[in-house]
Amino acid sequence: MNTEKDFSPLTPNIVRALNDKLYEKRKVAALEIEKLVREFVAQNNSTQIRHVIQILASEFALSQHPHSRKGGLIGLAACSIALGKDSGLYLKELIEPVLTCFNDSDSRLRYYACEALYNIVKVARGAVLPHFNLLFDGLSKLAADPDPNVKSGSELLDRLLKDIVTESNKFDLVAFVPLLRERIYSNNQYARQFIISWIQVLECVPDIHLLDYLPEILDGLFQILGDNSKEIRRTCEVVLGEFLKEIKKTPSSVKFAEMANILVIHCQVADESKLTNDLIQLTAMTWMREFIQLAGRIMLPYSSGILTAVLPCLSYDDRKKNTKEAASSCNHSLMKLVTPEDDDDEEEEVKSESPHSPSREEPKVQSDGSDMLNASQESVGFSNISFFTPASTDRTQVTLDLDGIVQVLDRHLHDSSTGMMTRIAVLKWLYHLYIKTPRKMFRHTDSLFPMLLKTLSDESDEVILKDLEVLAEIASSPAGQTDLAGSCDNTDNKLELKVPDKSGQHPSAKTIDSSPSTPSMNSYFYKFMINLLKRFSLERKLLENRGAFIIRQLCLLLHAENIFHSMADILLKEEDLKFASTMVQTLNTILLTSAELFQLRNQLKDLRTPESCTLFCCLYRSWCHNPVATVSLCFLTQNYEHAYDLIQKFGDLEVTVDFLMEVDKLVQLIESPIFTYLRLQLLDVENNPYLIKALYGLLMLLPQSQAFQLLSHRLRCVPNPELMRTVDKSKYMDSKQQVASKRTSHIQIDELLQHFDRVQSKHLEVRHQRSGRANEHSDRKII
């Protein structure tokens, strides 16, 4: 430094001492500067004061010589002490050169800079708040300083600054938040500790409403929550916990919408191997649960994102029990927010929008080309969905993001790695949406249906049950209703299907295959039955392992008569005769053994109404694919004479091992409680001769087996008709004839027999063709 340069009003001795390498001499110079400045203060000579500060800053603190910089720092601190309360007038000039020294490569000089700034701040107190951002920025750098002495000095300054902020009511939070938002993303451990400690302090000051700016820093807080330091994580947990308590106290002032997507991001674990990620996910899920409960329908526009985060957590094991429970609560609460109001037409919203506003495209949901379900002739477009604006949100304007929700649900159904509980939750959501918003959901039905049908092959019974509930709701919802006509007796005809036009125009007509009369069912029901049977045909294991279970549940959900009526009608036109026979056998077993079909069995047993007779005829035509099932249907409906006629025709059929096994099963069924009435009718020998003949016919078909012995023993118990006469025979016969006449008045027996012959001829022809192909293949092998 040039010692000959004029540094007045500083004396040459002061200048020389400030440049000295010894601390004690610099300290003496500082005392002289303090004395000099006090005199200027007494004289109210601000010009000289500024001149002294300017010399100390530019010629010393910012000098290239290290000892000069140290002298400048202690000199600036001395000026501040001398100025006292008046130091606030010169804080910018005092602080800026000191902060510049925070970046010095010499750790000792950084320590002296920290010491100097501490003295300046201690004197100025609240007056430093307008310069808080500069101080905070400098301190955040010192917090990560590698030198322990510098770090210790910065901690003293940090505590002093926190005390000042806590005591003052003039802290400019608006100006500070942008800096806080920037610094909060630091990866340095000490910088994070510094940041989180300041947030903790500011959050506790009553006059500082940091909650208003929580959306600005929430993401950064979750980042800090994943720090490797246990102490930092614990502090961050405390801070987040305090924020959540405050949110619960004052939910009306919380900006839920601005924080929703932040929570969605952190509810999803990127790397499950890191334990800190589990803490982040649990905390975010806990916040999400509280947000949904507190904010209510404000969270609906974010439903798709929430479900993306929540659904996978539902399949967690006990190692993440708390996260799973929080996710389950989120899922349940979010589902409750969807109401029938969300199914209202959006015409009013469209009218209020600008005519030039862009429309959203219909989302493309994954689907298979096969098994596509089309219930309407014209595709229904999606209405514009308004985006959620947090600043001007009214509860009545919140729009359910149904398209996004359906996409998320469909994606989880398609994902083979999705856990069982997640799949169940997805199906519960679909069912809930079809209940609450049926009209809007039916726009997605054609895309969802193939995957719903495929889900019937799931390994879990619970998943299948929920899947069937969804499919049953689709098939029976009034929102999918179209005008159907026709019955099982006119299966070869076409009919006009009226398809409701949701645009308000006249309904369009569509020609499809006729379907049975199914009260309370919509146009999707018959198509569902077609595709279900198609799936059974393609997946024989599904039919074998789950077929009975699926059909029984559908009988409970959609009424047994509808199920059997429609399936019989479809099977009547089935080209794969072997599958038709197997399917009829399955349906027949369900009909005769399932408790769910008790009412339907009683309806068929009496055949007292035209409707029951029509149902019998419809079933009979399809049951003809399986001769033994046809006989059992006749036994069930007490058409014993017709059963006897059918058994006589069995001599013309190809009797295979499978055929005899079916007869064996029928004998076992005759001994079951289902046919108790049939066994009791054996007591009335004279009035049930064809029943006895039919049973003897079955006996003659059977080889010497256990079933043969069982039926033979039963027939030996048939009493002598002479012993059973207890009433006037003529009157009794007249009564029986009247009942029989009434039961068969709606049934053309001869026509049914002819139909049986035609069906069995087809089966015989198909078997001969298969046999011919097999022989031809065998001959080729021999050649």
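**Stop 1: a side chain meets a backbone**

Begin by selecting Thr418 and His412: a polar atom of the Thr418 side chain lies 2.8 Å from the backbone oxygen of His412. That is a polar contact (a pair of N or O atoms within 3.5 Å; within protein, one must be able to donate a hydrogen and the other to accept it, and residues adjacent in sequence count only if both atoms are side-chain atoms). Before you go on, note that this is a predicted model, where local features need pLDDT of at least 70 and side-chain atom pairs count only at pLDDT 80 or more, while totals for chains, interfaces and linings use all residues. Residues are numbered from 1 along each chain as its sequence is written, and side-chain values use heavy atoms, with hydrogens and water left out.

Where does Thr418 lie? Look in the loop between α18 (402-414) and α19 (420-436). The helix names come from DSSP runs, numbered from the N terminus (helices are H or I, at least four residues; strands are E, at least two).

Is Thr418 buried or exposed? Thr418 counts as buried, because its relative accessibility is 8%. The cut-offs are under 20% relative accessible area for buried, over 50% for exposed, and partly exposed in between (1.4 Å probe, protein chains only). Now show what Thr418 touches: His412 and Arg423, not counting residues up to four places away in sequence. Contact here means heavy atoms within 4.5 Å.

**Stop 2: the whole view**

Zoom out. The protein has 36 helices and two strands. Of its 783 residues, 51% are buried. Take the contacts between residues at least 6 apart in sequence: 74% of them join residues at least 24 apart.

Ser447 sits in helix α21 (residues 445-454) and is partly exposed, because its relative accessibility is 21%.

**Stop 3: α2 beside α4**

Select helix α2 (residues 23-42) together with α4, which spans 66-83. Their axes come within 8 Å and cross at roughly 35°. Axes are lines fitted to C-alpha atoms, for helices over the stretch in contact, and angles run from 0 to 180 degrees between N-to-C directions. The crossing of α2 and α4 is right-handed, a word used if the near helix is turned clockwise from the far one by less than a right angle, with left-handed for anticlockwise.

Colour the contact residues: on α2 they include Tyr23, Ala30, Ile33 and Val41, and on α4 they include His67, Gly71, Ile74 and Leu83. The residues of this contact divide into 11 nonpolar, three polar and five charged. Ala, Val, Leu, Ile, Met, Phe, Trp, Tyr, Cys and Pro count as nonpolar, Asp, Glu, Lys and Arg as charged, and the others, Gly among them, as polar.

Now pick out Glu34 in helix α2. Glu34 is buried, because its relative accessible area is 15%. Leaving aside neighbours within four places in sequence, Glu34 is in contact with Ala78, Ile81 and Ala82.

**Stop 4**

Which residues of helix α5 (residues 91-100) are buried? Select Leu91, Leu94, Ile95, Pro97, Val98 and Leu99.

**Stop 5**

Most residues other than glycine have a negative phi, and most peptide bonds are trans. Select Arg125, in the loop between α6 and α7: Arg125 has a positive phi of about 50° although it is not a glycine. Then try His559, in the loop between α24 (540-558) and α25, with a positive phi of about 80°. Finally, the peptide bond from Ser8 to Pro9 is cis, with omega near 15°, and Pro9 lies in the segment before α1 (12-18).

**Stop 5: α23 against α25**

Last, select helix α23 (residues 523-538) and helix α25 (residues 560-571), which pack at an angle of about 60° with axes 10 Å apart. The crossing of α23 and α25 is right-handed. The residues of this contact divide into 10 nonpolar, two polar and one charged.
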